[in-house]
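The sequence and the structure are shown first.

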Amino acid sequence: MKALVTGANGLIGANLVRELLRRGDEVTGLVRAGSNIAAIAGLPIRRVVGDVLDPASLPAAVEGQDLVFHTAVAFSYWGHEPEEMARTATDGSLNVLAACAEAKVSRVVMTSSSVTLGASYKPQIRDEDANADDDPDESAYVLAKIAQERAALGAARRLGIEIVFACPTMSVGPFGAGLGPSNGLITSYLADGLRLTWAGGCNIASVRDVALGHILLAERGAPGGRYVLGAENLSWRQIHGLVAELAGAPGPRAEASAVACYGLAVAEETRARLTAAAPLATRAQARMVGRYYWYSHARAAALGYAPRPARQALAEALAWLCASPHVARETRAGLRLTREVQAARLARLADEAALLSERAA
Amino acid sequence: MAPPDPVVNTVAIAHDSGAAGTILLDRALAQAGFQEGAGQRIEAALTAKGACSAIVVPALDAFAAGSPAAADPRLVEHLLDVLFDLGVTDAAVGSTRDTAALWLENRDVFVAADLLGYRYETPAGRPYDVVDLSEETEDGVFPAWGVLGGTALSRAWLEADLRIVVAANRTDEDDGYALCLSTLLSILPNTDKDYHYRYRRDVGEVAAELVRAAPAHFAVIDAVVSAHGNGGRRAPLPLKTDTVIVATDPSLADYVGALKMGLDPFVSELAAPALRAARPTAGTRIFGPLEAYPDWINVEPALVASTAARRAFVAADRAVRPALQHVDRDLFPFRHPANDWLNRALADVASAGDGGVDGARLLSFANLAIAQAEQAGTAFGVMFDKDALRRHDAPINVDPATICKADYDGLAAELSVQADLLRGVVPDDQGLRWRFDDGAVLFDGARRYPIPFEAFAAGVEIHRAIQFMNDYAGGRALVTGVDGQGRVTRQLERNLYLPQPNYTAFGGGVVIDVTKIETVDYAPARQQMFWKTIKSENASAIADDGIVTFEALGGDTLVTIWGRQQFCLPPMWAVIDRDLTPAMKRVLVAEAYHRFFARTFANLEAVAEGRDVRIGRPWSDASDGESLPVDWAADVIKRLQTQDSLDLVGAAKSLFQRPARAGPEPLRVDADGFRHFAAPPRPAAPSPLASAMSGALSDLRHAAWVDAGAQP
């Protein structure tokens, strides 16, 4: 099968490319000019330089494909203007769908997000029937993803394209052009000398399972359907405790209040502005404190989706992060990785070597 | 055929209060045997290749035409005529851009030479060139393990048959005086000389290395009109001294030049190492008066010392120098208006008083304040922010030829016996074993990594193991032996570590600076490295010996580190005799080694993962060094101005804006005296700052609701 992955160098895109290659598919990756492609460098794929906001650049990538995975998105709580984020999400998706219609690609899997299902202030599990409110106080990313789903669904109907929405939860794991907010939550905890946790919770999934889930939805997802691709619902204290245990770092010492988190985020943003560095936390993230981003992936599971436990997902993520510059040297010097993490690193290296040798053969 | 060396080291001092500079130069040249010494070289070159080239490197680092801080161009051009008369066929004046070129215009060699009075033609009408010695360079001039390893040098200088340096006679607040050796640094290629040859490296070692590798054949000090006083090069105070000094060696010229200033020649950090190698010996001839110049004022020792202390704060020193330098703005305008403004405000203050004495005292005080800030900042960095510290660039400081085979061969046996002294010591709960031995600590610790031995050993080169240890801050290794597979088996290594224990940085603790000999043994499932300290440049350590072992253990790797260490505490900490409180001492020692092992083992694991674990910021290899503080500050201000949601600059400005007048201005007043006004403006959109404040309050209200358990 021939498949196009937009945003092939992103966290989900880079893992999706690998899983497609493992199946023996012919993969085309769409990346923007000048973007960091280290995550897919060396992989046997056709790379097309283009931009989902530039319709003229898309036909070269879409032409001849059996399937399109649209993962390209600006997932960020810092450094992107809200308008830019919204435009990439909606206009970019509409451009991709238009190009698919033109190239007679009849099925598209679009990466949305579980945040479009909303979140609760109580430990409640939500499913695909729930929807986030159009609350203007929501972060630009959440608003962009809500708008993307609506716009894409309407356009797909008009254009006669089968679209399936993948709604990943907090996807952690290896590869990706930069440190996204999901993996960033792990590194932030490791870098936090105060070892703070906070109220609320999140659904943690391995990005490799999310990638496999995309392929599953391409094969079996109902047109127009939304599918949560998640794994385990955990409180932040549990997540931070697991990260600490796996990394050999101290566990959470105290639970910061929402007001304190907001204050710390303001301080971090100020530091970031002065030093031109990325903040450890942002006000947009601080506004999420106290909420439970808990979801059920039962609908995807009914199709065969079987994610690994959160502990394994975190071990794999740590194995990659701790060997990368995303974990500062000083932070790394205070860690003692468990056997699980080292095993995950060695397994990833072996998988990568096997993938390259298989494809070369 | 190599040109013959001058017959003997000679210095000639020509002094005559009534004579012109060129006459004094002729006399000094004659007394120094210049005609004979240079003549031999010229003749040898003419015989060998039918041509003879000469390069004269004058002091060009002045900031006004006719400044006594520069060599007088008339004297230099007269010297060129002397060279032509002796048979030189091709003569040039050479130099390079220096640090001031980063903050002043017109510091290009050709423009600066022109502005300072060089005419490209000698008084006798012979044309000569001005060359930029940074343009065509040659690698491999300096030994790789030395302080200038990897530095290129001007091909024109290296290939010249005759190399002469002409210094101005001047005091200097960095070194006490700045004569021929200081001027000789201007042949080094990098533009930011302060950055590369003072902050980053030991300037004394640089000068000594330069003199060793590519010496000048003759040195001249133009002391006809000198620059004395506390300002030195920075704010030159002219004094007629009617003297010219010529020497067959720039170090010797500096030695005598400093004596003439009434100084101990070794006060100069820059000159001292070279002087030690070239001080007058039995064969040295010194002609002329050695008494000090009358009315001469030297830089106050406190100012020299405080300037040296200030240099440790690189950013501050780079920010301060443009502000203090006396400059002819018409010739050399400032590149950045902020430097221009600061210079107008501060340059005269720092050189006020008779001979600059008042300014010197004020400047010394300011320098010490900056130095104190630096020490506090460094101590903070050592404790809490190691990556903010600069890495140390320390060359091998032991001649490899002085280490014999027996020194290497006996190492493993010697250390293994000592390692066995820990037998019977019960490991503590973290696996650490240790005991005291003659004031040193013997210790060992081990960690099992769930990584196969082959993968671990491939990721962690054992001969680099010391570089991965906790608080390693820089150094260099020189491989002196390899096995048949190209693996390192012997090496010399200089290591610098942050002050140990780290908290001593708050009381004068210095980096641990140790030079070691090392051997490495390789077996199929075991690798072992041994090291022994043979020198501590700053006397910071008495012992730092050790063994590191990597061995296969099932499918894992076991790493064991044994060591024997004895570090010297700074005086403030040494007054506390820890032997009087053995329980406390044991706690401190155990805590220090727990920390060492936890972080060292984490580093080894990280290296196995392919990470760089070096601490600190590397020095820039760019010729211009790092961006200047003034550019950095301007960038921060610009960034703040462009952040709509955090316009701190705009907010600050608004505090100082005059309030608007109470009433609106009339558009016109008609003939009947009625005043006509425009319609009131629509309410303006809230400012970005007001919006941000409003958003923040809303967010805080939301957060408070969450904390109170109420659903927002």
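A:Glu316 is buried in this predicted model, since its relative accessible area of 11% falls under the 20% limit for that class. The residue is placed in helix 11 of chain A. Leaving out residues up to four places away in sequence, A:Glu316 touches A:Ser206, A:Arg208, A:Arg308 and A:Ala344.

In chain B, helix 11 comprises residues 301–311 and helix 14 comprises residues 357–384. Their axes come within 8 Å and cross at roughly 30°. Because this angle is under 35 degrees, helix 11 of chain B counts as roughly parallel to helix 14 of chain B. The crossing of helix 11 of chain B with helix 14 of chain B is left-handed. By class, the residues in this contact are eight nonpolar, four polar and one charged. On the side of helix 11 of chain B, the contact is formed by B:Ala302, B:Leu303, B:Ser306, B:Thr307, B:Ala309 and B:Arg310. Their counterparts in helix 14 of chain B are B:Ala360, B:Leu363, B:Ser364, B:Asn367, B:Leu368, B:Ile370 and B:Ala371.

Two further residues of chain B may be described individually. B:Gly229 is found in the loop between strand 9 (218–228) and strand 10 (237–247) of chain B. B:Gly229 is buried, with a relative accessible area of 1%. Apart from neighbours within four places in sequence, B:Gly229 has contacts with B:Thr171, B:Leu237, B:Ile297, B:Asn298, B:Val299 and B:Gly355.

B:Lys49 belongs to helix 2 of chain B, which comprises residues 34–49. With neighbours within four places in sequence set aside, B:Lys49 is in contact with B:Glu159 and B:Asp161.

The table lists C-alpha separations for pairs that include these two residues.

| Residue pair | Separation in sequence | C-alpha to C-alpha distance |
|---|---|---|
| B:Lys49 and B:Ala598 | 549 residues | 66 Å |
| B:Gly229 and B:Ala592 | 363 residues | 49 Å |

Conventions. Residues numbered from 1 in each chain as written. Chains lettered and ligands numbered in written order. Predicted model: local features only at pLDDT ≥ 70, side-chain atom pairs only at ≥ 80, totals over all residues. Heavy atoms only, no water. Axes fitted to C-alpha atoms, helices over the stretch in contact; angles between N-to-C directions. Helix = DSSP H or I, 4+ residues; strand = E, 2+ residues; numbered from the N terminus. Parallel < 35°, antiparallel > 145°, perpendicular 65-115°, else oblique. Left-handed = near helix turned anticlockwise from the far one by under 90°. Contact = heavy atoms within 4.5 Å. Nonpolar A, V, L, I, M, F, W, Y, C, P; charged D, E, K, R; others polar. Buried < 20%, exposed > 50% of the residue type's maximum accessible area, 1.4 Å probe, protein only.
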